[in-house]
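Here is a short briefing for a first look at a protein chain. Start with the sequence and the structure, then read the points below.

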Amino acid sequence: MIMAPAFLKQLQTPNFEIKPITLIYGEEPLYIRRSLDALREVLKGQEYWQRDRYEVDANFKWADLKMDTQAGSLFAERRIIELDMPKGAPGKDGGAFIQEWANVMHDTPPEICLVVLCEKLDGRQMKSKWVQAIEAHGWVVQSKPIEGPGLVKWCQQRAQESGLALEDEAAGLLAERVEGNLLAADQEIEKLALFFPPNTVLTPQNIIDNVADQAHYQLFSLSTAMLYGRTQYALQILHRLQQEGLEAPVVLWLLAKDLRQLIDIAQKQQTMSLPQAFKQLRIWSSKQGEFSAALQRHDLVYWQSLLNVALQVDLTIKGVRPGDEWLGLSELVSQIAR
């Protein structure tokens, strides 16, 4: 297994080994996107012109994919096949297909590169035969959240890449405002690079003046209103975020994060007190009142059901499912705040 930042460096080396299968997974969407984009560019440079993408759900026909990969091409064209499998659950047929694909002998470089994309995988999934097969014959890339001092350092490094420098306190302020959302931090640093000349050393005041009232920080007001059950106010904030041009995936990231935390807390509550659950899960004290209010309105089963709603919104954003992504976000916000 390799961490996403190290994988990105590997991709930049001239002797990068193209393997027949790559698994990119984790909780940090920015590095999943960056790893996938960088891998695509490397493969494109090696004449992988064609790229096919499949959404893997319970009804996915693995037999059709197997036939497709075995058919070959008259001109042996190289291509990429991406499998978007958020839950990391290929089932019996999928697990067998992935194991067979990883274990079979491929050309060097392979005619087809298979890229599997998943969200967080638990310990049981990481020990599964299909993941172990990828580990043995391909790349397994993990995208982990960056928190605490690591996030501060990441902000400084990202600013340096953009031609700026962040004082320690300025980096800490930015890290605190985005609460671990690297997508938001990345966008803010890109905007700061447009506002300031190269080599500018940014101070905390620069951060306050230029980003404190931007849409990303209204995003966390949305979280607060939603968790406290203030439906109309939450929808007003969501509408304002849409008008200000915030990307729908960033909003969905926050909603999904809140849902996962609600589910984790509700599960812990079955065996311990709420304060103990907050302590074990390291829920910030500033958020504990909000989560407490939400947990009083609904039970574990309800919060789990909303993850499927979030998945449908995600499919709409990706263009796989027809519909209005912002309407889907509005419905999800309403259901969380209900």
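A residue counts as buried when its relative accessible area is under 20%, and as exposed when that area is over 50%. The model shown is predicted. The points below cover the domains, the interface between two of them, and the cysteines.

**Domains**

**Where domain 1 meets domain 2**
- Six residues of domain 1 touch six residues of domain 2.
- About 510 Å² is buried between domain 1 and domain 2. Carbon and sulfur atoms give 57% of that area.
- Which residues of domain 1 lose the most area to domain 2? They are Glu28, Leu30 and Arg34, together 67% of what that side buries.

**Charges and polar contacts at the interface**
- One salt bridge is counted between domain 1 and domain 2.
- Arg34 pairs with Asp186 in a salt bridge, with the closest N and O atoms 3.0 Å apart. That distance counts because the cut-off for a salt bridge is 4 Å.
- Two residue pairs are in polar contact across the interface of domain 1 and domain 2.
- On the side of domain 1 that touches domain 2, three residues are nonpolar, three are charged and none is polar.

**Cysteines**
- The count of disulfides is zero.
- Cys113 is in no disulfide, and the nearest cysteine sulfur, that of Cys118, is 17 Å away.
- Is Cys113 buried or exposed? Cys113 is buried, because its relative accessible area is 3%.
- Cys118 is likewise in no disulfide; its nearest cysteine sulfur belongs to Cys113, 17 Å away.
- Cys118 is buried too, with a relative accessible area of 3%.

Key
Residues numbered from 1 in each chain as written. Predicted model: local features only at pLDDT ≥ 70, side-chain atom pairs only at ≥ 80, totals over all residues. Heavy atoms only, no water. Contact = heavy atoms within 4.5 Å. Buried area = accessible area lost by both parts, 1.4 Å probe. Salt bridge = Lys/Arg side-chain N within 4 Å of Asp/Glu carboxyl O. Polar contact = N/O pair within 3.5 Å; in protein donor to acceptor, adjacent residues only side chain to side chain. Nonpolar A, V, L, I, M, F, W, Y, C, P; charged D, E, K, R; others polar. Disulfide = S-S within 2.5 Å. Buried < 20%, exposed > 50% of the residue type's maximum accessible area, 1.4 Å probe, protein only.
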